[in-house]
Amino acid sequence: MALSILCPLLLATSLFMHSLADNSCTDCLVQSRAAYYPNSEQNGTEVGACGFGSFGATINGGDVSAASNLYRNGVGCGACYQVRCTKSAYCSGNGVTVVITDQGSGGNTDFILSQRAFGGMAQNTDAAASLLALGVVDIEYRRVSCSYPNKNITVKIDESSNNPHYLAFVIWYQQGRRDITAVQLCEAQNFVCKLLDRSHGAVWTTVSPPSGPLSLRMLFSAEEGEETWVVPVNNIPEDWKAGETYDSGVQVDQ
């Protein structure tokens, strides 16, 4: 009698665990739709919600995208996705890898690609023209690692910054497929740290930033929940200036 009760319980548990495994698949393709920016946006936009500015229009060769749900209140900025359309007459098997630089939606889409990226899903130039004529297409996508060969993570000081009263910056060239979910600035000499605010998109800000050379600490979070603090080799100099970029000396490919 005990065995007859136990077997259904084991079966239910097995099915439940199998369901969890299916739902946690990080490499599975997701079905959706994609559109593209209007004619003026062959590459990306220089006014994207992520706060990348002109960098957001040209990063990854201009293969960029706005995202709707994948924007995730700015956490998704800088994430990379393989996107491929499913219309076999026009679409290639590899599709295109895009970087999220903006927020936007329309036509029940998850992505609004640059024209370059939208055409990049096609088999050839003629197919790209036919694809663009459709405007909106069915796609499948998955998160993939970003790759920036010979580039370290770089801090770009926003033009709104005013040393020593206010500091805002974005982080460029983030490899891998983890998200930066928290950032701290520490005084390099005594390591007193201050947690920064995500003001919008990928822009991190603080009033009255720590003084002296600044050590950056970034929290990288994986979809599975694993978290790692990363401390760059190079400090942000004491005399940091608005508009300048500073090489961190490290790259994280996880």
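**Disulfides, barrel and cores in a predicted model**

User: How many disulfides does the structure hold?

Analyst: The structure holds four disulfides, a disulfide being a pair of cysteine sulfur atoms within 2.5 Å. This is a predicted model, where local features need pLDDT of at least 70, side-chain atom pairs count only at pLDDT 80 or more, and totals for chains, interfaces and linings use all residues. Residues are numbered from 1 along each chain as its sequence is written, and side-chain values use heavy atoms, with hydrogens and water left out.

User: Start with Cys-50. What does Cys-50 form with Cys-77?

Analyst: Cys-50 and Cys-77 form a disulfide with sulfur atoms 2.1 Å apart. The link is left-handed, with -90° about the S-S bond. Cys-50 sits in the loop between β1 (30–36) and α2 (55–58) and Cys-77 in the loop between β2 and β3, so the pair ties together parts 27 residues apart in sequence. Helices (H or I, at least four residues) and strands (E, at least two) are DSSP runs, numbered from the N terminus.

User: Cys-50, buried or exposed?

Analyst: Cys-50 counts as buried at 0% relative accessibility, and Cys-77 counts as buried at 7%. Buried means under 20% relative accessible area, exposed over 50%, partly exposed in between (1.4 Å probe, protein chains only).

User: And which residue does a disulfide join to Cys-80?

Analyst: That is Cys-146, with an S to S distance of 2.0 Å. The link of Cys-80 and Cys-146 is right-handed, with 115° about the S-S bond. Cys-80 lies in strand β3 and Cys-146 in the loop between β6 and β7 (154–157), so this pair ties together parts 66 residues apart in sequence.

User: What about Cys-186 and Cys-193?

Analyst: Cys-186 and Cys-193 form a disulfide, sulfur atoms 2.0 Å apart. The torsion about its S-S bond is about 100°, so the disulfide is right-handed. Cys-186 is buried at 0% relative accessibility, whereas Cys-193 is partly exposed at 33%.

User: Switching to strands. In what order does the closed barrel run?

Analyst: The barrel has six strands in the order β1-β5-β2-β4-β3-β6, with mixed pairing. Two strands pair if DSSP finds at least two bridges between them. The twist averages 45° from one strand to the next; axes are lines fitted to C-alpha atoms, for helices over the stretch in contact, and angles run from 0 to 180 degrees between N-to-C directions.

User: How do β2 and β4 pair?

Analyst: They pair in the parallel sense over four bridges, with Ser-65 opposite Ile-100 in β4. β2 and β5 pair in the antiparallel sense over three bridges, and Ala-67 stands opposite Phe-111 in β5. Both faces of β2 are covered, with Val-64 and Ala-66 buried on one side and Ser-65 and Ala-67 on the other.

User: Which residues touch the most other members of the largest nonpolar core?

Analyst: Tyr-81, Phe-111, Met-121 and Ile-139, in a core of 41 residues. A nonpolar core is a set of buried Ala, Val, Leu, Ile, Met, Phe, Trp, Tyr and Cys residues joined through side-chain atoms within 4.5 Å. Apart from this core lies another of 20 residues, including Val-155 and Trp-204.

User: What does Phe-111 touch?

Analyst: Not counting residues up to four places away in sequence, its contacts (heavy atoms within 4.5 Å) include Tyr-81, Val-83, Ile-100 and Ile-139.

User: Which strands form the open sheet?

Analyst: Four strands, in the order β10-β9-β13-β14, with antiparallel pairing. β10 (193–195) and β14 (227–230) stand at the edges with a single partner strand each, so one side of each has no neighbour in the sheet.
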